[in-house]
Amino acid sequence: MNVTTGTMPPAVRRIRAYFAPVNRSAQQPTIFDPAQQGLFDLSAPAAPWIDLGWISAFTRKSGTKIDALRAGAPTTVQMQSRSEIEATVSFQFSSWGKLQMALASGTQQMNLLAAQQGVAAAGSGGTAVAAVALESGSTATVLQVGTTAAAGFSVGELVVVDVDYTGQTGFVGSGVSGAYVKSALTDVDYVRRVSLNVGRVNAIQDGALTLESALIAGMPTAAMKVSGVVGFCDREGSTFFQEWSALFVAEGQQGERTLWHYPRLQAMTSVGEVAAAAGGLESLRQSAAFRALPVKDPVDGENVVCFRSFVAGS
Amino acid sequence: MQNAKDTFYEALRSRIAAGNPERTIVLRGQVRPGVLVEENELVTTVTMPDCLRLRWDEASVDAANAMPLVALRCEILYETAGTAGNGGMDRGRALAAMDAELAAAVNACPQFVVKQSYAALASGGSTVAMNTNVWWGDVAFGTAQVKADRVARTATVMVMSYQEAGEL
């Protein structure tokens, strides 16, 4: 710690948010180690952390209740105990993207798959165009689909890469669980509808789709297929809860950082936007709120919901 | 305070030079990046066009903290008549280019640098890195003004630092 400024409160300009997947089936969050990673490059977080950009109106609330235990006559507080542990966090995203929308929606977010012509209308998208199988040599950023199929895609188009739905129940979606299936469905594209394994086509050449950024699930498997995505949709009334590991970073002007790490955050509100005035227009910002769930700190076995760390600048 | 002023000037000058190496001026026979501090120059240079002129005006010290927090307001004045080859009809574009260069330089992350002491330069020494940083806010642009054949603008930036013990 800089001994000269160690007593000064951090003066921060804004806060940046990073999210990482939680393995829902195993209830295994992504743990951030501030001792090893506290001074990471804010523009290049280590995988699997995903940079979701700057946020505003960052508000933390503790719902932890501390009770006083009294004894004697007259009664006097003898000791204290914590009877409930609870914490919530809310904020607004400054940018508007797939993951920001998914997190702010509070529930599963549907990919609007390119629909076949003339199919029945559906609120979350009609029957999709048949997905394209991946060929060998595909990576997290290059999808080999063959020259014929590649002609069906265009630069700038969004695509989703995931497996066919074959009647499985439970959490579905590669890389990140996008939904929970309670009973078997019939839509072969259902996993691709809810998957967060989405990218944008940056270039098309020799039957390969090059993506702007790596897929969240990494290298695709041979069972995965590609579908074109025309947009996104979330639904009020949907029952799924998003759960992610989160990290919020505030960098002070002396290079110091305050980091708030919530290993497990579950959405606690439904979709909502706030309007911010900008040049006579209304700029819709997505607001999000989460409730923190506990993890056990292996250091001493304590059940905690949030780690707040402070690391001095180099 | 002087160290904070000097450090911010050096940082801004470096960023402007990196963003547009062709933004240069000839001052007292020297070709240098097109950024100067008015109070450090002869009064005859203060209306030099096509360069950024820093003028320090308001200053405050918040002594309520463990270290005094110094806040300095820096006015950045610039003006241009465009180019003679275009008969000055590109003066608006030239001003917009300076707006963009200034915004890029001031608003780029990180908006802080280690404070330097330049006191030893007067006696042939070198700069000394201090223990704290100088940091600044985003640039705020004033309205463009017409000054004869030139268009001019004044932008402002708040520059802050902690006053270290014994610092001038």
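I take two strands as paired if DSSP finds at least two bridges between them. The model I am reading is predicted.

**Entry: hairpin in chain B**

I started with the hairpin of strand 9 and strand 10 of chain B, which has two residues between the strands. Strand 9 covers residues 145-147 and joins strand 10 through three bridges, running antiparallel. I found B:V146 opposite B:V151 of strand 10. I then looked up B:A148, which lies in the loop between strand 9 and strand 10 of chain B. B:A148 is not a glycine, yet its phi is positive, at about 55°. I noted the background: most residues other than glycine have a negative phi. I counted 8 other C-beta atoms within 10 Å of B:A148, so this residue is exposed. The cut-off for exposed is 12 or fewer.

**Entry: partners of strand 10, chain B**

I followed strand 10 to its other partners. In strand 10, B:T156 is the residue opposite B:E75. Strand 7 of chain B also pairs with strand 10 in the antiparallel sense, over three bridges. There I found B:V134 facing B:S161 of strand 10. Strand 8 of chain B, residues 140-141, is antiparallel to strand 10 as well, with two bridges. B:F141 stands opposite B:A155 of strand 10.

**Entry: helix 2, chain B**

Which residues of helix 2 of chain B are buried? I listed B:R91, B:A94, B:L95, B:M98, B:E101, B:L102, B:A105 and B:V106. Why do they lie on the same side of helix 2 of chain B? They cover an arc of only 120° around the axis, which puts them there. I next checked what they pack against. The elements are helix 1 (2-19), strand 4 (52-62), strand 5 (69-80), strand 7 (128-136) and strand 10 (150-162) of chain B. For length, I have 17 residues, 91-107. The helix reaches 24 Å from its first C-alpha to its last, close to the 24 Å expected at 1.5 Å a residue.

**Entry: cis peptide bonds**

I looked up two cis bonds. In chain B, the bond from B:C109 to B:P110 is cis, with omega near -5°. B:P110 sits in the loop between helix 2 and strand 6 (112-117) of chain B. In chain A, the bond from A:A73 to A:P74 is cis, with omega near -5°. The loop holding A:P74 runs between strand 3 (65-71) and strand 4 (76-84) of chain A.

**Entry: chain A**

I read off four helices and 21 strands in chain A. Its C-alpha atoms fill a box of roughly 80 × 50 × 45 Å along the principal axes. Of its 314 residues, 34% count as buried. Among contacts between residues at least 6 apart in sequence, 68% join residues at least 24 apart. I also checked A:D206, which has a positive phi near 50° and is not a glycine. A:D206 is in the loop between strand 12 (198-205) and strand 13 (208-211) of chain A. Is A:D206 buried or exposed? It is exposed, with 8 other C-beta atoms within 10 Å.

**Entry: where the chains meet**

Terms used. Residues numbered from 1 in each chain as written. Chains lettered and ligands numbered in written order. Predicted model: local features only at pLDDT ≥ 70, side-chain atom pairs only at ≥ 80, totals over all residues. Expected span 1.5 Å × (residues − 1). Buried ≥ 20, exposed ≤ 12 C-beta atoms within 10 Å, placed from the backbone. Arc of directions from axis to C-beta. Contact = placed C-beta atoms within 7 Å.
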